[in-house]
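Thanks for coming, everyone. Let me put the structure up on the screen, and then I'll walk you through how it is put together.

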Amino acid sequence: MAFELIDLPYDDTALEPAVSAKTLSFHHGKHHKAYIDKTNAAIEGTDLAGKSLEEVIASARGSNQGLFNNSAQSWNHGFYWHSMAAEETSASDELKSMIDDAFGSVENLKSKLAERGAGHFASGWVWLAVKDGKLTIEETHDGDTLADQDGVNPLLVIDLWEHAYYLDHQNARPAYLDAVNGKLNWSFASENLVRGTAWTYPC
Ligand SMILES: [Fe+2]
């Protein structure tokens, strides 16, 4: 069974003005779709057909860079759509407590995410994750992912590729990060924390 492009969990205007409907139409409908289509094409007729996306990523890591990039990007984008919400959400008491311990406050965490995201060279992703039992901000380059990394549970991610923000904010990645920080889905992060293992791509 082939992987599917998951639906956006909100209307395409729901994240405006941080992320416009036009950006979502290209980012979801063209970029994410292309990663899914290329993953499906690469595994068709191989032993990986029928495996989960996480299994495909883990298998391709270090052995098939093309498949790794496309499968990891398929996962990262699905996780990214859920990392943002149309409505304001709040963190669970457990997550809030961990954020306070690690960063002092949610506002400080947002500032750190924006700082790390703005400082990240070229394309990639900035993540909030649990590593060794503690909250941490991680960066991955290009299509790399935390989906298959032992001992790491990603809670939220922000896409740092130019295609995520260029139509809305041009080259001003910090403006995009500030805007997206206001759309982060703390309920989703709290669900990921409680589960204790990495989110799985739904289809
Ligand atoms: Fe992207």
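Predicted model: local features only at pLDDT ≥ 70, side-chain atom pairs only at ≥ 80, totals over all residues.

I'll start with the sheet and then go through the helices around it.

Two bits of housekeeping. Residues are numbered from 1 along each chain as its sequence is written.

Okay, the sheet. Helices (H or I, at least four residues) and strands (E, at least two) are DSSP runs, numbered from the N terminus. Two strands count as paired if DSSP finds at least two bridges between them. Here we have an open sheet of three strands in the order β2-β1-β3, and the pairing is antiparallel. β2 (134-141) and β3 (152-159) are the edge strands, each pairing on one side only. From one strand to the next, the twist averages 25°. For the angles I'll quote, axes are lines fitted to C-alpha atoms, for helices over the stretch in contact, and angles run from 0 to 180 degrees between N-to-C directions.

What does L128 stand opposite in β3? That's L156, while in β2 the bridge partner of L128 is I137. V130, meanwhile, stands opposite N153 in β3. The hairpin of β1 and β2 has two residues between the strands, and D132 there takes a positive phi near 50°.

How buried is β1? I call a residue buried if 20 or more other C-beta atoms lie within 10 Å of its own, exposed if 12 or fewer, and partly exposed in between, with C-beta atoms placed from the backbone. Six of the eight residues of β1 are buried, so the strand is largely enclosed by the rest of the structure.

On to the helices. Helix α3, residues 65-82, lies across β1 and β3, at about 80° to β3. Contact, by the way, means C-beta atoms, placed from the backbone, within 7 Å. Helix α1 (residues 21-43) packs on α3 at an angle of about 135°, with the axes 8 Å apart. That makes α1 oblique to α3: under 35 degrees is roughly parallel, over 145 roughly antiparallel, 65 to 115 roughly perpendicular, and the rest oblique. Residues of α1 at this contact include H32, Y35 and I36, and those of α3 include G66, L67 and N70.

Next, α8, residues 186-195: W186, F188, A189 and N192 are buried. They cover an arc of only 155° around the axis, which puts them on the same side of α8; the arc is that of the directions from the helix axis to the C-beta atoms. On the other side of α8, V194 and R195 are exposed. The buried residues of α8 pack against α3, α4 (93-103), β1 and β3. Just after α8, G196 takes a positive phi of about 85°.

Last one: in α7, residues 173-181, the buried residues are R173, Y176, L177 and V180. Down the axis of α7 they fall within an arc of 100°, so they line one face of the helix. They pack against α5 (106-119), β3 and α6 (166-169).

Methods:
Contact = placed C-beta atoms within 7 Å.
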